[in-house]
Structure formats: C-alpha cells, structure tokens
Amino acid sequence: MSIPLMTIPLILAGKEIRDGLRNRWVVAATLLMATLALSLTFLGSVPTGTVGVGALDVVVVSLSSLTIFLVPLIALLLSFDAIVGEVDRGTMSLLLSYPVSRGQVVLGKFLGHLASLAFATLVGYGAAGAALVATGADTGPEGWRAFAGLIGSSILLGAVFIALGYLVSALVRDRGAAGGIAIGLWLVFVLVFDMALLGVLVADQGKTVTVGLLNWLILANPADAFRLFNLTGTAQVSQFAGMAGIAGQIHLGPVTLLAVLAGWTALPLGAAALIFSRRQI
Amino acid sequence: MSAHPVNASPTSASPTSASVVIDQVTKIYGARAALTEVSLHLDPGQCVALVGHNGAGKSTLIKLMLGLIRPTHGQVRLLGEDPAGAHAARLRRAVGYLPENLAFHPSLTGRETLDFYARLKGVARAGNTDLLARVGLEAEAARRRVGTYSKGMRQRLGLAQALLGQPKVLFLDEPTTGLDPALRQVFYEIVQELRTAGVTVLLSSHALTELEGRTDRIIVMNRGVKIADGTLANLRHLADLPVRIQATGAPAGAVADALGTLGQVSTNGHAVECLCAGGDKVAVLRRLTGLPLADISVVEPSLDELYAHFLRREQAT
C-alpha cells in the first residue's frame, strides 16, 4: 500500500525527461550549447596565441559569460509554463486526482527539468573540453578543476532559474503573463542588475557603497554569484579575467557563493510549492 | 434564491454508509457563488446523474468531491474523510476521475500514458493491456502518440485511466459529450458493470435523453442550487407533468366525449392527442379502448421536459 516518498517525484521526473526528449527540446538545447561553446573555445583561443595562460582557463572565462546569458534563458523557457500551462491545458486536474501531493508535483518537475538541463550543459560544454584535448592544447589539472567547477555551477545556476520560473508559473493565472514575467526576470538578473549596480558605483564614488554593502548586493543576484564563483575561483582564471583586484576586495569564498546559489534554488522552489498547494485548480 | 430542493429519496441509505457526502456546501469564487448550500450523498452501487446547464455547478461539485478545491462553507466527505485533508493521497487511490476537458501529454503513446498513470496510482501495469481492450482501444492505437488521437479515442483512454486500480468511486464529468452512439453504448455498458460491482458512479451530463433508463438517481442543478434529487419515477411523480396519449382511427369529437373532464383533446395531423394527469392515465386508456381505434401510444414526459419543468418552477419561486 505505501509508496516510498520519492517514488512519485521520480515517476514525474521520468515523464518530464521523456517529454523533453520526444519534443526534441533536449536535443535543441544541447546542440545550441555545444555550438556556442565550441565557437567560443576556438575563437577565444585565437588572441591568446601561445601566451602563458592555460587554454582551459580562457575557455572557463568565455564559457561563464555564455552561461550567464544562455542558461537562465533556457531554464526560464523550460519552467515558466510548467504549472500554469498544465492547469490551462487541463492535464493538471487529472494529475492531481491521483495520489500525488502538489509538493511532489513541483519536486518531480524540477528533477526532470534539471536533469534535462544538466544533460545539455554537460554534453554541450563537455564537447568544448573534448575539442581542446583533441587539439593538444595546454590543460593543467587546475584548469580542469576550474572547468568542472564551471559545469557544476552552470547547472546550479540553471536550477536557480528553473525554480524562479516555477514560482512565476505558480503565481500567475495566464500563460502569456508567465512568459512575459519570465523574460522580465531574465532581463533584470542578467542585464539590468549589473548595469544599475555599475551606475550606482560610478555615481557614488565609493562614498556610501562600501565593500560590505557590495557583497550583499552581489548576493542579491544569483547570476553575479555565479560569475564571481567562476571568475575568482582560481588564481589563474581571475588573473586572466581581470578580476584579481575584485577577488581581493570581495570576501565571499567559493563555498559561500555556492551556498547562495543553493539558497536561490531552495527558496523559490519552496515558495512555488507552497503557492501551488493553495491554488484553486 | 429561495430553494426548496426536492428530496425524493428520503429512505435511501443513511449518510454514514454513503461514499460521498456533501453537507451544506457553499463555494464562492471572488464575488460569485458557484454553489449555494448544496447537500447530497452518493451511495455504493448507485449510478447518479448530475444534470444542469453549463455553469450550473456540476464541475465545481465534482472538484470539491475530489479535493481539488475546498468549500467556502460546509463539509465534504469522500469515503468518510476530507478529500482535501491529510489522507487525500490515500483516498485518491480508490477514486477514478474523467475530467470534462480531458487532456493528455501529446508526446506519449496511449500505452505509455496509461502506464504512467498506473505507476502514479501504484497499480501493476500488467493489467493495462486488458484495460485498453476493455475500453476498445486496439493494440495498434495504443502504440500511437496521444497527439494523433481522435476525440473518441482520447475519451476511451480517459475512461481506461479512470478505471485503474478498481476505484470505489468514479467521477465522470460530461463523459459522452461529442461521442458517437456506438461508443456511448460501450460507455454505459461499462458503467452498468461497475454499478453492479458496487462502485459509486457520478455522471454529469447535459445530454438528458441518453440518461433515461441508465441511472438510478438524478440530481438537477441550477445556478449552483440543487433543485431536484430522486429517481426518474420519483421526479415524474413530483413534477406531475401531463402524459400525452396519441390515438388514430377515431374522430376528435368521439374521443372528447369519451374522456369528459379527464383530459384535454386536440388534433395533431390525423392523430388525436389527449393530455391527462399521470394519475388518470389508466382511466383514460380504459375509456379510449372502448372506441374503434387504429393505434394508440403513450408518451411519458421525457427527462428534458422534467428538467425544463424544474427550471421553470425554480424561476417562478
């Protein structure tokens, strides 16, 4: 009679993955990421030539910029429709007439979408790494560590935006509105936030915005936490990214930054589950 | 809104043994009341039809019974427990539901869809082949993606998923809308089998004529209020609508003379039509058979007419 607690989320996750594979969504995302990662890898290595910077470190810097633009976008497109869309199409009322809790529904979808995104990232960026090895580029163990950190944190950034997308999807009654808000979130976190922060810093000239406050402001944006994690992660990378100065100023270790990203995932996901469980279907 | 629900079945099973009990339930969306103080109960082995216009509150009632929504006031009990409460998941293992706007994930095949729902319900998937055959989905069709299905095939798959795990209570929301007559037949045959097996079946519909003779009880809803509840015979008795008797072969004058004050006589083409009260039916027939008639037929008020009657009565109060 009793079904283990995680069985239902795993069944739901499996269905999401199969859906993603069937409608070619996973293939499209993987190809897109692989194509962009490979172009950046080879274009990016042209100017460095044979300077002492490790080829992988260059790739980590360029791919982190790619992640910041692309991964949140893919994650939001994947997630904004997850709840409101199923309610709209009528599949949700049938699903909820089964012995599943709404929390399990949100968790199951999250696991399925995250697995799809993780696959696309792993294969897409992995292709870039494999191409570098194939060309016999200079790759040290520290470079590989930074590269692995990049892939892992890219997936974590994806998790953040999938969770944010669910929150929007649970809150809004209309699919169109959910899509609009999702794009708005992307614009704010990826573009507007940094520009506004830069503007404030320039205007302020360091009078009121102290380093402590800057730390908090960076924590307010998961994309910045991701950037900081990757660009200051290793001495080599931060040197190359021109972030060495900042890395010295900002007192946020890699563990703190990853914890910030995990918090940015757990909080919206929990809120989405809570709001969804109170929603009238 | 003065409602005097007709409860024509006061002697039916007590609410303690009922599968579903709705007690003084009001459901308000924003400023609009979708249901107003509705009380009813459904018993095991009973097939109950829920009839009413679109927007009468049929789907809202079913969603309340499933625990998809909560009542604003009043209490809902499904198999003795709150369907939106802590044991909701366990309760739903004993429930089947066919929603009004049935939608499946288009990229899965019919078989995969049924397997998915079977796993969610904790039911062995081995029985799914038989289940698909029972609702008339052939093996070839089960291998195709649901996105390619016709309305009838989707509805068959919908019924199959509702039957998973031998539910004790089955909610079918507008199950036969848009189906061809052959499939309707299959549908009602399955419902009949389930009823015999002791399952509570609640069927909402606005296609009234096809419900005649297929349900044990009829609940009539109008604008969120229950306006009638009883067997077809009970409702006919309560409505006391005139019975129409058509006769051919005798002139209208002779018929009128024979009936006296028992019925109103009019001509309809070459037939003579008399309207009489249900209670006078036998007396009227006895008198008519004394005349040299070629043919005679008795038309009882249809469910459509009963429904119209209860709506009129409701509007008059």
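This section describes the interface between chain A and chain B and the cavities of the structure. The model is predicted.

The interface was examined from the side of chain B. In chain B, 29 residues are in contact with 24 residues of chain A. The area buried between the two chains is about 2,700 Å². Carbon and sulfur atoms give 60% of that area. Three residues stand out on the side of chain B: B:Leu68, B:His105 and B:Leu120. Together they supply 24% of the area that chain B buries against chain A, more than any other three residues.

Two salt bridges are counted between chain B and chain A. One salt bridge joins B:Glu112 to A:Arg18, with the closest N and O atoms 3.5 Å apart. On the side of chain B that touches chain A, two or more residues come from each of helix 1 (58-66), helix 2 (88-92) and helix 3 (110-121) of chain B. Helix 3 of chain B has the largest share, with six residues. By class, this side of chain B has 14 nonpolar, six polar and nine charged residues.

Cavities were considered next. Two cavities of 30 Å³ or more are found. The largest cavity has a volume of about 50 Å³. Its lining draws on both chains: A:Leu12, A:Lys15, A:Glu16, A:Glu86, A:Leu95, A:Val105 and A:Lys109 come from chain A, and B:Phe116 comes from chain B. Helix 1 (7-22) and helix 6 (102-134) of chain A are the elements that give two or more residues to this lining. Helix 1 of chain A gives the most, with three residues. The lining of the largest cavity has four nonpolar and four charged residues, and no polar ones.

The second largest cavity has a volume of about 40 Å³. Its lining also includes residues of both chains. Chain A provides A:Ser97 and A:Tyr98. Chain B provides B:Val95, B:Gly96, B:Tyr97, B:Lys121, B:Gln161 and B:Ala162. At least two lining residues come from each of strand 6 (95-98) and helix 6 (151-162) of chain B. Strand 6 of chain B gives the most to the lining of the second largest cavity, with three residues. By class, this lining divides into four nonpolar residues, three polar and one charged.

Definitions and conventions. Residues numbered from 1 in each chain as written. Chains lettered and ligands numbered in written order. Predicted model: local features only at pLDDT ≥ 70, side-chain atom pairs only at ≥ 80, totals over all residues. Heavy atoms only, no water. 1 Å grid on protein atoms, 1.4 Å probe; cavity = no way out; pocket = protein on both sides within 12 Å on 5 of 7 lines; lining within 4 Å. Points joined across faces, edges and corners; volume = space filled by probe spheres on them. Helix = DSSP H or I, 4+ residues; strand = E, 2+ residues; numbered from the N terminus. Nonpolar A, V, L, I, M, F, W, Y, C, P; charged D, E, K, R; others polar. Contact = heavy atoms within 4.5 Å. Buried area = accessible area lost by both parts, 1.4 Å probe. Salt bridge = Lys/Arg side-chain N within 4 Å of Asp/Glu carboxyl O.
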